[in-house]
Amino acid sequence: MALVPSGTYGINKPNEQLLTLPGTKERIVLLPPSESEAEAQTWQVEALDNGNVVLRNLRHRESVDRTGVSIG
């Protein structure tokens with residue numbers, strides 16, 4: 001069972017910048033919260049049966065690998 005339930009999240013530490021995917025095939029960056037980047041800063045978390053999770057960016061519909069590069 002995943003520690004984070006499936007759902008939609010902004011990922012950050014309290015009062016800090018959010019994980020942001022500015023464009024397809026770009027690296028994930030940390031940026032301050034922004035209305036114009038809201039979808040780029042929102043992630044769908046999908047809990048897998050093996051306990052892992054998949055992070056998928058809402059704007060670009062791309063998943064993330066462990067190196068921080070979008071992998072489609």
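## Burial and overall make-up

Of the 72 residues of the protein chain, 24% count as buried. The model is a predicted one. About 4900 Å² of the protein chain is accessible surface, and carbon and sulfur atoms account for 52% of that area.

The protein chain contains five strands and zero helices, so its elements read β-β-β-β-β from the N terminus on. Among contacts between residues at least 6 apart in sequence, 37% link residues at least 24 apart.

## The three-stranded sheet

Three strands make up an open sheet in the order β1-β4-β5, and their pairing is antiparallel. The edges are held by β1 and β5 (53-57); each has a single partner strand, so one side of each lacks a neighbour in the sheet. From one strand to the next, the twist averages 30 degrees.

In general, strands of a sheet pair through backbone hydrogen bonds, in either a parallel or an antiparallel arrangement. Here, three bridges connect β1 with strand β4 (residues 43-47) in the antiparallel sense. Y9 has W43 of β4 as its bridge partner.

## A nonpolar surface patch

L3, V4 and V53 together form a nonpolar patch on the surface, with about 300 Å² of accessible area.

Notes: Residues are numbered from 1 along each chain as its sequence is written. This is a predicted model: local features need pLDDT of at least 70, side-chain atom pairs count only at pLDDT 80 or more; totals for chains, interfaces and linings use all residues. Side-chain values use heavy atoms; hydrogens and water are left out. Patches are made of residues with over 30% relative accessible area and no salt bridge: like charges are joined within 9 Å, nonpolar side chains (Val, Leu, Ile, Met, Phe, Trp, Tyr) within 5 Å. Accessible areas come from the Shrake-Rupley method with a 1.4 Å probe; for residues, only the protein chains shown count as cover. A salt bridge is a side-chain nitrogen of Lys or Arg within 4 Å of a carboxyl oxygen of Asp or Glu. Two strands pair if DSSP finds at least two bridges between them. Helices (H or I, at least four residues) and strands (E, at least two) are DSSP runs, numbered from the N terminus. Axes are lines fitted to C-alpha atoms, for helices over the stretch in contact, and angles run from 0 to 180 degrees between N-to-C directions. Buried means under 20% relative accessible area, exposed over 50%, partly exposed in between (1.4 Å probe, protein chains only). Contact means heavy atoms within 4.5 Å.
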